[in-house]
Amino acid sequence: MWRWFSKRIMAKLITQFLIVGLIPLILLGGMTYFYSQSAIEAEASNQLSAVNETKKEQVVEFLKSRMKNLILLSRSQHIRNMLSNETYQGMNPLFEYYMKVFGYSNIFMLSDKGELLHQADMSIQKGDKPLKKNEISQLAVISEQIRRTEEPIITDMINYLPGREPGLFMAAPVYGDSGGLKAILVFLIDAGRINTITQNRTGMRKTGETYLVGEDHLMRSEALFLENGVLLKKKIRTPAVEQALNSKAGIMELKNYRDVEVLSAYDNLGLKKRLGTDFDWAIISEINSSEAFSLLHKLGGNILWTGLVLLILIAGMGYLQSKMIARPINSLSYRVMMMDEGDFTLAVPEHQKKRSDEIGMLMKAFASGTQRFRQQIKQLGQSSRHLLSSISQISTTASQLSSSASETSSSISEVTTTVEEVKQTSQLATEKAEHVSKSAENTTKISIAGKQATENTMAGINRIKEEMTYIAESTVKLSEQSKSIEEIINTVTDIADQSNILSVNASIEAAKAGEQGKGFAVVAQEVKSLADQSKEATNQVRAILNDIQKATSAAVMATERGTKTVEEAIELAEQAGNAIDRLELQVNESSDAASQITASNQQQQSGIDQLSEAMESINDATQQNLEGVKQLEDAIKGLEDLAQTMRDITSIYKV
Amino acid sequence: MPEKDILKARADMLAKPNQAAFEKHAIKTVGFLLADEIYAIELRFVREVLPLGPLTFIPGIPEYIPGVINVRGEIISVIDLKRLFELSADEQPDNPYVLILSDPKMAFGILADQILGVREISTDDLHPSLPTFTGSRADYLKGIDEAGNIVLDGNRLLKDENLVINQNNY
């Protein structure tokens, strides 16, 4: 907040306006309020004191005048006459007159012994009976005192009869013509009579009131804010009452019996002093503080409202003024800030340039200066761009040159390498050609030996072929012979079978011959065993013959295969012979070619040496070329950096 | 007398069982093969054995008589026991043999696949016929020896009226 505030001219200006406007306002208002407060407070107090004083005087004067009245009446001839005549009824017109004019409630006439001789108002009764002589005890007390002092007295307010309004009594002695106490004249004044004085609301405004309090703190008059009947019943012990009962007068603020903040003026009636009574009363005048000082509150409110209006006016003025000054400065500040960031494009508003004061001049100068600066930067930017593009073209050409030079260089080195390789190859070729011609000679020798070997092989194979043919013939012969053997075996088998039958028949014959034929039976048995043996033997022979036959046929097959193989071998040997012949021919040709290669290679090598030297010198030239191009590139690079820097500088600005 | 003892031992060693006792129960038989089974018949009923010559077929006679042969001028009828016993007759041997059976009243030949030779069999060792031997075969059976060879009763064969063919039978 403070940062924001400290950065804003407008806020500062408005604040200063407010401070300048507010300080005198607050001082003036405060002083006015302060002084008015004391004046108003004093005024209210004075007014209240005056009221209290007035009421006090009225009450005292009332009592005083009634006292005088009493004394006058007690000393009047008329009364004395009537006393001496004992015509009490004749007093009535006079008494009634007094009661009506001076507001007494009743007038009593007591004898010098204190007996009730007469009362003006017969309506004072106890119940529905007429008042008896000593019914009101107060009267006895009064008469006793009068007889003792023979001085007029006033009693405090008292509830003299149940059901009656409280009242106070005034009594004065009545002397006879010859002197000496003759009777006592008593006036009864109702509390309501005094109440009318205190309740008089002249100058009391809304909440003002006056009341009386006795020394016993009981109220001696009705209160404005309480029900009637508090008289002699409600006790009030506010500080003001205490002060007043101590015979002090003054004014103070306090909380009264209603528990309300009030301004309270208090005083002692001074009855003891002024009327010689044995009692005294405090008189209190109160008014609610809020009402007493209402003027002050109103004044405060007015000051506050005026202040607020002034505040708004000042703020408005401040705002307008600061707007006039701060707006252009803000706008200028924003543009300069943008310039700081490189943006020159913001134009100064027209209405600010039109102003004729210093700010207008500043704005105009700023606008034209910015304009010139923009143009210069634009030109600078364009030039730098042109420069940059030219440089890049040059750079491209240089790099092309460089790359072509390097390519040339690398090509040259490749060519050189190749030439070297060719040289080596041709040397190798010469060596190989010599080797080939030597090999060819060896090969010729070997091929001749091969040819001889092939011929020998052929002869061997032919011999094998003849042998094979002989084997085949023998085998066929063997096969035929084995067949004859089989026939022989069959014949033998037949013979064996027949021998067997013969032996059986012999046995039969032997059996028929009985005992004589026994020997013959044995012979027959032997014949049979011979037959069996011969059969067994033929079987063995037959098995062997079978094996022989199988072996023979396998041999026949093998012989056939052997014959075929031998034929193939002959063919292969012939092919080998042919191949060796061709090989010899080829070898001879190779040998000749190798000799030619050797010769041409030697020529080639001298040519290659010359080529190599030429390549060397080209290479040197190319290297120099390359270095030159590199220097050129460096120079272009420097130039480009320069142009780039220039363009960067100009490109920072937005124009 | 050690020499005497040695001789005695030798005599014991070489001694043979009582032939006479054995012979009481022994019979001589001729063994022959019929459909891979070995049959035997008492030697005393066999007149001779000979390879089968040319058979002359006689029409109107039972199937088990394939025909008649001429034996040195005597006409002998031949019985095929394989057919008579209802044995498998699928294979006919290349050169069959004929056993001529004879008694004073009767003479006929029986075909045999092969002649095995003369053999002695103890009649004590003969077992009665097995339940598997059924049909006509059982009637001509003498017994079965320990080796499982079937011994035919030659007497019954020769005496059997069923085998005699005359016009009355038809």
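Okay, one definition before we start: I call two residues in contact if their C-beta atoms, placed from the backbone, lie within 7 Å. And keep in mind that what you see is a predicted model.

With that cut-off, let's go to where the two chains meet. The contact takes nine residues from chain A and 14 residues from chain B. So who supplies the chain A side? Mostly one helix: H12(A) gives eight residues, the largest share of the side that touches chain B. If you sort that side of chain A by class, you get four nonpolar residues, four polar ones and one charged.

Now, what does that helix sit on? Over in chain B there's an open sheet of five strands, in the order E8-E1-E2-E10-E9, and the pairing is mixed. Strands E8 (114-122) and E9 (141-144) of chain B are at the edges; each has a single partner strand, so one side of each is left without a neighbour in the sheet. On average, neighbouring strands here are turned by 30 degrees against each other, ignoring direction. Helix H12 of chain A, residues 358-513, packs on this sheet and touches strands E1 (26-34) and E8 of chain B. The direction of H12(A) makes about 40 degrees with that of E8(B).

Further into the sheet, look at E2 (residues 37-42) and E10 (residues 150-152) of chain B. They pair in the parallel sense, over three bridges. If you want one to click on, take Tyr39(B): its bridge partner in E10(B) is Ile150(B).

Okay, cores. The largest nonpolar core has 61 residues, and the ones touching the most other members are Ala171(A), Leu185(A), Val186(A), Phe187(A), Ala282(A) and Ile284(A). Which strand gives the most to this core? That's E7 of chain A, residues 181-190, with seven residues. Let's zoom in on Leu185(A). Leaving aside neighbours within four places in sequence, Leu185(A) is in contact with Leu70(A), Leu73(A), Ser74(A), Met109(A), Ala171(A), Ala172(A) and Val174(A). There's also a second, separate core of 38 residues, and Phe45(B), Val118(B), Ile121(B) and Leu152(B) are among its members.

We have 13 helices and 11 strands in chain A. Of its 655 residues, 19% count as buried. And if you take the contacts in chain A between residues at least 6 apart in sequence, 67% of them join residues at least 24 apart.

That's my tour, thanks.

Technical notes
Residues are numbered from 1 along each chain as its sequence is written. Chains are lettered from A and ligands numbered from 1 in the order in which they are written. This is a predicted model: local features need pLDDT of at least 70, side-chain atom pairs count only at pLDDT 80 or more; totals for chains, interfaces and linings use all residues. Two strands pair if DSSP finds at least two bridges between them. Helices (H or I, at least four residues) and strands (E, at least two) are DSSP runs, numbered from the N terminus. Axes are lines fitted to C-alpha atoms, for helices over the stretch in contact, and angles run from 0 to 180 degrees between N-to-C directions. A nonpolar core is a set of buried Ala, Val, Leu, Ile, Met, Phe, Trp, Tyr and Cys residues joined through C-beta atoms within 7 Å. A residue is buried if 20 or more other C-beta atoms lie within 10 Å of its own, exposed if 12 or fewer, and partly exposed in between; C-beta atoms are placed from the backbone. Ala, Val, Leu, Ile, Met, Phe, Trp, Tyr, Cys and Pro count as nonpolar, Asp, Glu, Lys and Arg as charged, and the others, Gly among them, as polar.
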